[in-house]
Amino acid sequence: MRALALAFLTLLACCKAPPPPAPPAGSPEALAAYLRTIAGSDEATRQHAVTGWILDEAAFDRIIVSPYKQLWKEYAAHFDAVMPPLVTRLAAPGAITTRRHYAGDPRLTNAQVRVRWALPVQYPSVVAELGGAPIDAVFVWDGSGWRVLAGLDDLLLQRVRALDGHCADRLLESGPPNHCTEVGWFVGDTALKGDAAGFARACQLAANVCGNDSP
(Lines give C-alpha, C1' and ligand atoms only; values in the text may rest on other atoms or scores of the structure.)
Protein backbone atom coordinates (compact mmCIF):
# COMPACT_ATOMS: atom_id res chain seq x y z
CA MET A 1 0.00 0.00 0.00
CA ARG A 2 2.81 2.37 0.88
CA ALA A 3 4.56 1.54 -2.38
CA LEU A 4 1.36 2.27 -4.27
CA ALA A 5 0.99 5.63 -2.54
CA LEU A 6 4.59 6.54 -3.37
CA ALA A 7 4.06 5.55 -6.97
CA PHE A 8 0.93 7.71 -7.11
CA LEU A 9 2.78 10.73 -5.68
CA THR A 10 5.62 10.19 -8.14
CA LEU A 11 3.11 10.11 -10.99
CA LEU A 12 1.55 13.36 -9.79
CA ALA A 13 4.98 15.01 -9.62
CA CYS A 14 5.79 13.89 -13.14
CA CYS A 15 2.51 15.20 -14.50
CA LYS A 16 2.75 18.60 -12.78
CA ALA A 17 3.28 21.40 -15.28
CA PRO A 18 6.72 22.99 -15.09
CA PRO A 19 6.85 26.64 -13.97
CA PRO A 20 6.78 29.20 -16.79
CA PRO A 21 10.21 30.36 -17.94
CA ALA A 22 11.53 33.64 -16.58
CA PRO A 23 11.08 36.58 -18.98
CA PRO A 24 14.18 37.62 -20.94
CA ALA A 25 16.52 40.00 -19.13
CA GLY A 26 15.88 43.60 -20.13
CA SER A 27 12.35 42.92 -21.39
CA PRO A 28 9.27 44.86 -20.26
CA GLU A 29 8.00 41.65 -18.68
CA ALA A 30 11.19 41.29 -16.66
CA LEU A 31 10.89 44.87 -15.41
CA ALA A 32 7.29 44.26 -14.39
CA ALA A 33 8.27 41.16 -12.43
CA TYR A 34 11.08 43.09 -10.72
CA LEU A 35 8.93 46.09 -9.80
CA ARG A 36 6.28 43.80 -8.31
CA THR A 37 8.85 42.76 -5.72
CA ILE A 38 9.33 46.42 -4.72
CA ALA A 39 5.95 48.15 -4.99
CA GLY A 40 4.22 48.20 -1.63
CA SER A 41 7.28 46.97 0.26
CA ASP A 42 8.70 48.68 3.35
CA GLU A 43 10.62 51.93 2.96
CA ALA A 44 14.03 50.38 3.60
CA THR A 45 13.50 47.88 0.77
CA ARG A 46 12.35 50.59 -1.62
CA GLN A 47 15.19 52.91 -0.64
CA HIS A 48 17.76 50.16 -1.19
CA ALA A 49 16.34 49.32 -4.62
CA VAL A 50 16.13 52.91 -5.88
CA THR A 51 19.65 53.70 -4.65
CA GLY A 52 20.92 51.05 -7.04
CA TRP A 53 19.12 52.50 -10.06
CA ILE A 54 21.85 54.99 -10.97
CA LEU A 55 23.78 54.33 -14.18
CA ASP A 56 27.53 54.31 -13.70
CA GLU A 57 29.66 56.48 -15.96
CA ALA A 58 30.74 53.66 -18.28
CA ALA A 59 27.16 52.49 -18.87
CA PHE A 60 25.94 56.08 -19.28
CA ASP A 61 28.61 56.71 -21.90
CA ARG A 62 27.76 53.46 -23.68
CA ILE A 63 24.00 53.99 -23.74
CA ILE A 64 23.40 57.75 -24.04
CA VAL A 65 23.85 59.59 -27.33
CA SER A 66 25.95 62.68 -27.95
CA PRO A 67 25.58 65.47 -26.96
CA TYR A 68 23.79 64.16 -23.83
CA LYS A 69 26.89 62.21 -22.73
CA GLN A 70 28.27 65.43 -21.22
CA LEU A 71 25.50 65.35 -18.58
CA TRP A 72 26.94 62.38 -16.68
CA LYS A 73 28.42 64.33 -13.75
CA GLU A 74 25.26 66.39 -13.31
CA TYR A 75 23.10 63.25 -13.61
CA ALA A 76 25.11 61.54 -10.87
CA ALA A 77 25.09 64.62 -8.62
CA HIS A 78 21.35 65.10 -9.16
CA PHE A 79 20.40 61.49 -8.45
CA ASP A 80 19.97 61.95 -4.70
CA ALA A 81 17.31 64.57 -5.44
CA VAL A 82 15.27 62.30 -7.72
CA MET A 83 15.37 59.27 -5.43
CA PRO A 84 12.81 60.31 -2.75
CA PRO A 85 9.91 60.80 -5.21
CA LEU A 86 10.57 57.36 -6.68
CA VAL A 87 10.73 55.75 -3.23
CA THR A 88 7.43 57.43 -2.35
CA ARG A 89 5.83 56.54 -5.69
CA LEU A 90 6.46 52.84 -5.05
CA ALA A 91 5.01 52.89 -1.53
CA ALA A 92 1.51 51.80 -2.48
CA PRO A 93 0.88 48.33 -3.90
CA GLY A 94 -0.93 48.10 -7.22
CA ALA A 95 -0.96 46.57 -10.66
CA ILE A 96 2.34 46.99 -12.51
CA THR A 97 2.30 47.31 -16.29
CA THR A 98 5.29 47.95 -18.54
CA ARG A 99 5.95 48.65 -22.21
CA ARG A 100 8.71 49.72 -24.56
CA HIS A 101 9.57 53.41 -24.52
CA TYR A 102 8.62 54.93 -27.89
CA ALA A 103 8.60 58.65 -28.65
CA GLY A 104 5.14 58.56 -30.23
CA ASP A 105 3.46 56.87 -27.27
CA PRO A 106 0.58 59.19 -26.22
CA ARG A 107 0.68 57.80 -22.66
CA LEU A 108 4.21 59.01 -21.94
CA THR A 109 4.79 61.89 -19.56
CA ASN A 110 6.41 64.99 -21.05
CA ALA A 111 9.63 64.16 -19.20
CA GLN A 112 9.67 60.62 -20.64
CA VAL A 113 9.31 62.08 -24.13
CA ARG A 114 12.28 64.39 -23.65
CA VAL A 115 14.42 61.59 -22.17
CA ARG A 116 13.77 59.64 -25.40
CA TRP A 117 15.94 62.23 -27.19
CA ALA A 118 18.95 61.11 -25.14
CA LEU A 119 18.69 57.50 -26.35
CA PRO A 120 19.57 55.90 -29.68
CA VAL A 121 16.74 55.26 -32.13
CA GLN A 122 14.98 52.00 -31.24
CA TYR A 123 16.95 51.65 -27.99
CA PRO A 124 14.97 49.15 -25.85
CA SER A 125 14.24 51.38 -22.87
CA VAL A 126 11.10 50.67 -20.86
CA VAL A 127 8.45 52.69 -19.02
CA ALA A 128 6.14 51.47 -16.27
CA GLU A 129 2.83 52.28 -14.64
CA LEU A 130 1.73 51.51 -11.10
CA GLY A 131 -2.00 51.39 -10.41
CA GLY A 132 -2.73 52.82 -13.87
CA ALA A 133 -0.56 55.93 -13.43
CA PRO A 134 2.98 56.47 -14.76
CA ILE A 135 6.11 55.94 -12.73
CA ASP A 136 7.77 59.09 -14.12
CA ALA A 137 11.10 57.57 -15.06
CA VAL A 138 12.69 55.72 -17.97
CA PHE A 139 14.22 52.33 -17.19
CA VAL A 140 17.22 50.84 -19.01
CA TRP A 141 18.91 47.47 -18.60
CA ASP A 142 22.67 47.90 -18.39
CA GLY A 143 23.52 44.21 -18.64
CA SER A 144 23.45 43.48 -14.94
CA GLY A 145 20.45 45.35 -13.54
CA TRP A 146 17.73 47.94 -14.06
CA ARG A 147 18.70 51.62 -13.93
CA VAL A 148 16.72 54.82 -14.44
CA LEU A 149 17.29 58.05 -16.33
CA ALA A 150 15.19 60.06 -13.87
CA GLY A 151 16.38 63.64 -13.65
CA LEU A 152 17.94 63.78 -17.12
CA ASP A 153 15.03 65.85 -18.35
CA ASP A 154 15.57 68.38 -15.54
CA LEU A 155 19.21 68.77 -16.52
CA LEU A 156 18.32 69.49 -20.14
CA LEU A 157 15.79 72.11 -19.06
CA GLN A 158 18.40 73.72 -16.80
CA ARG A 159 20.83 74.02 -19.70
CA VAL A 160 18.21 75.58 -21.93
CA ARG A 161 16.98 77.93 -19.19
CA ALA A 162 20.51 79.19 -18.61
CA LEU A 163 20.53 80.31 -22.24
CA ASP A 164 16.94 81.48 -22.66
CA GLY A 165 14.24 81.28 -20.01
CA HIS A 166 11.36 81.82 -22.43
CA CYS A 167 12.66 79.05 -24.67
CA ALA A 168 12.87 76.70 -21.68
CA ASP A 169 9.21 77.45 -20.93
CA ARG A 170 8.36 76.44 -24.50
CA LEU A 171 10.39 73.27 -24.11
CA LEU A 172 8.20 72.27 -21.17
CA GLU A 173 5.32 71.97 -23.63
CA SER A 174 7.07 69.16 -25.52
CA GLY A 175 4.98 66.08 -24.98
CA PRO A 176 3.42 63.09 -26.70
CA PRO A 177 3.02 63.62 -29.63
CA ASN A 178 2.97 67.17 -31.04
CA HIS A 179 4.88 69.53 -33.30
CA CYS A 180 6.30 71.29 -30.26
CA THR A 181 8.06 68.04 -29.41
CA GLU A 182 9.72 67.94 -32.83
CA VAL A 183 10.99 71.49 -32.36
CA GLY A 184 11.90 70.75 -28.74
CA TRP A 185 14.41 68.12 -29.81
CA PHE A 186 16.09 70.81 -31.95
CA VAL A 187 16.15 73.21 -28.99
CA GLY A 188 17.77 70.66 -26.69
CA ASP A 189 20.26 69.42 -29.26
CA THR A 190 21.56 72.87 -30.17
CA ALA A 191 21.69 73.97 -26.53
CA LEU A 192 23.87 71.01 -25.54
CA LYS A 193 26.09 71.41 -28.60
CA GLY A 194 26.68 75.09 -27.89
CA ASP A 195 25.35 75.97 -31.36
CA ALA A 196 24.28 79.56 -30.70
CA ALA A 197 22.89 80.23 -34.17
CA GLY A 198 21.04 76.92 -34.29
CA PHE A 199 19.68 77.47 -30.79
CA ALA A 200 18.33 80.90 -31.74
CA ARG A 201 16.56 79.40 -34.77
CA ALA A 202 15.19 76.54 -32.67
CA CYS A 203 13.82 78.90 -30.04
CA GLN A 204 12.19 81.04 -32.71
CA LEU A 205 10.52 77.95 -34.14
CA ALA A 206 9.40 76.96 -30.64
CA ALA A 207 7.91 80.42 -30.10
CA ASN A 208 5.90 80.01 -33.31
CA VAL A 209 4.78 76.42 -32.75
CA CYS A 210 4.53 75.71 -29.02
CA GLY A 211 1.40 76.92 -27.31
CA ASN A 212 -0.52 76.86 -30.59
CA ASP A 213 -0.16 73.18 -31.28
CA SER A 214 -2.58 70.30 -31.46
CA PRO A 215 -1.64 66.62 -31.39
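Visitor: Are E129 and R99 buried or exposed?

Guide: E129 is buried, and so is R99; buried means under 20% relative accessible area, exposed over 50% and partly exposed in between, with a 1.4 Å probe and protein chains only. This is a predicted model, in which local features need pLDDT of at least 70 and side-chain atom pairs count only at pLDDT 80 or more, while totals for chains, interfaces and linings use all residues. Residues are numbered from 1 along each chain as its sequence is written, and side-chain values use heavy atoms, with hydrogens and water left out.

Visitor: What makes E129 and R99 a salt bridge?

Guide: The closest N and O atoms of E129 and R99 are 3.4 Å apart. A salt bridge requires a side-chain nitrogen of Lys or Arg within 4 Å of a carboxyl oxygen of Asp or Glu, so the pair qualifies. E129 lies in strand β2 (residues 126-130) and R99 in strand β1 (residues 96-100), so the pair ties together parts 30 residues apart in sequence. Strands here are DSSP runs (E, at least two residues) and helices are likewise DSSP runs (H or I, at least four), numbered from the N terminus.

Visitor: How do you know that D153 forms a salt bridge with R114?

Guide: Their closest N and O atoms are 2.4 Å apart. The pair links helix α7 (residues 152-163) with helix α6 (residues 110-116), 39 residues apart.

Visitor: Why is E173 called partly exposed?

Guide: E173 has 31% relative accessibility, so it counts as partly exposed. R170, with which E173 forms a salt bridge, counts as partly exposed at 30%.
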